[in-house]
Amino acid sequence: MKYLILIYSDPVTWAHPIFARHPAYLDLPPQEREEIERRARELFAEITESGELVAGAALADPASTRTARAPGGVPAITDGPYLEAKEHLAGYFVVECASRERAEEIAARFPDARFGAVEVRRITDTAEGRV
């Protein structure tokens, strides 16, 4: 099954990798920061070598976002999302795992989970009507 791992961040500290700009991360001793980065590299190597990593991308600052809506069939493009929100989508990864538990394990090992929100969602194949 495929899962989408969504990483959220505060737009005030926007830069990638997101976790490395978080104030709580920056307050850590250098050795602990190095350990977090080492574990992140190991996680990416592990899921790449296992074939579980399908794709991933970092997203640009939310200030550059535009939102499309078509109420009543009339297109309207606006700035968005609202910058007043505490967290914004910063990036994503698609993983293919044997179980939801494995996807959750991977998500919890992302350094970003220590400093913010990391969401896991199963991807459904709606084109063929399958889950």
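Let's start with helix H2: the elements covering its buried residues include helix H1 (23-26), strand S2 (53-58), H3 and H4. Contact here means heavy atoms within 4.5 Å, and buried means under 20% relative accessible area, with exposed over 50% and partly exposed in between (1.4 Å probe, protein chains only). Helices (H or I, at least four residues) and strands (E, at least two) are DSSP runs, numbered from the N terminus.

A quick word on the model: it is predicted, so local features need pLDDT of at least 70, side-chain atom pairs count only at pLDDT 80 or more, and totals for chains, interfaces and linings use all residues. Residues are numbered from 1 along each chain as its sequence is written, and side-chain values use heavy atoms, leaving out hydrogens and water.

Which residues of H2 are buried? They are Ile 36, Ala 40, Leu 43 and Ile 47. Looking down the axis of H2, you'd find these buried residues within an arc of 60° (taken from the directions from the helix axis to the C-beta atoms), so they line one face of the helix. Over on the other side of H2, Gln 31, Glu 34, Arg 41 and Glu 49 are exposed. After H2 comes Gly 51, with a positive phi near 85°.

Now for the cores. A nonpolar core is a set of buried Ala, Val, Leu, Ile, Met, Phe, Trp, Tyr and Cys residues joined through side-chain atoms within 4.5 Å. The largest one has 12 residues, including Leu 43, Ile 47, Phe 93 and Phe 110. Strand S1 (2-9), helix H2 (30-49), strand S5 (88-96) and helix H3 (100-109) each supply at least two residues of this core. Another core, of six residues, lies apart from it, and Ala 20, Tyr 25, Leu 28 and Ile 36 are among them.

Phe 110 touches Ile 5, Ile 7, Leu 43, Phe 44 and Phe 93, not counting residues up to four places away in sequence.

How many aromatic pairs does the structure hold? There are five. Rings of Phe, Tyr and Trp (its six-membered ring) pair if their centres lie within 6.5 Å; planes under 30 degrees apart count as stacked, over 60 as edge-to-face and the rest as tilted. Here are two of the pairs:

| Pair | Type | Centre to centre | Between the planes |
|---|---|---|---|
| Phe 19 and Tyr 25 | edge-to-face | 5.4 Å | 85° |
| Phe 93 and Phe 110 | tilted | 5.0 Å | 50° |

The Phe 93 and Phe 110 pair links distant parts of the chain, 17 residues apart.
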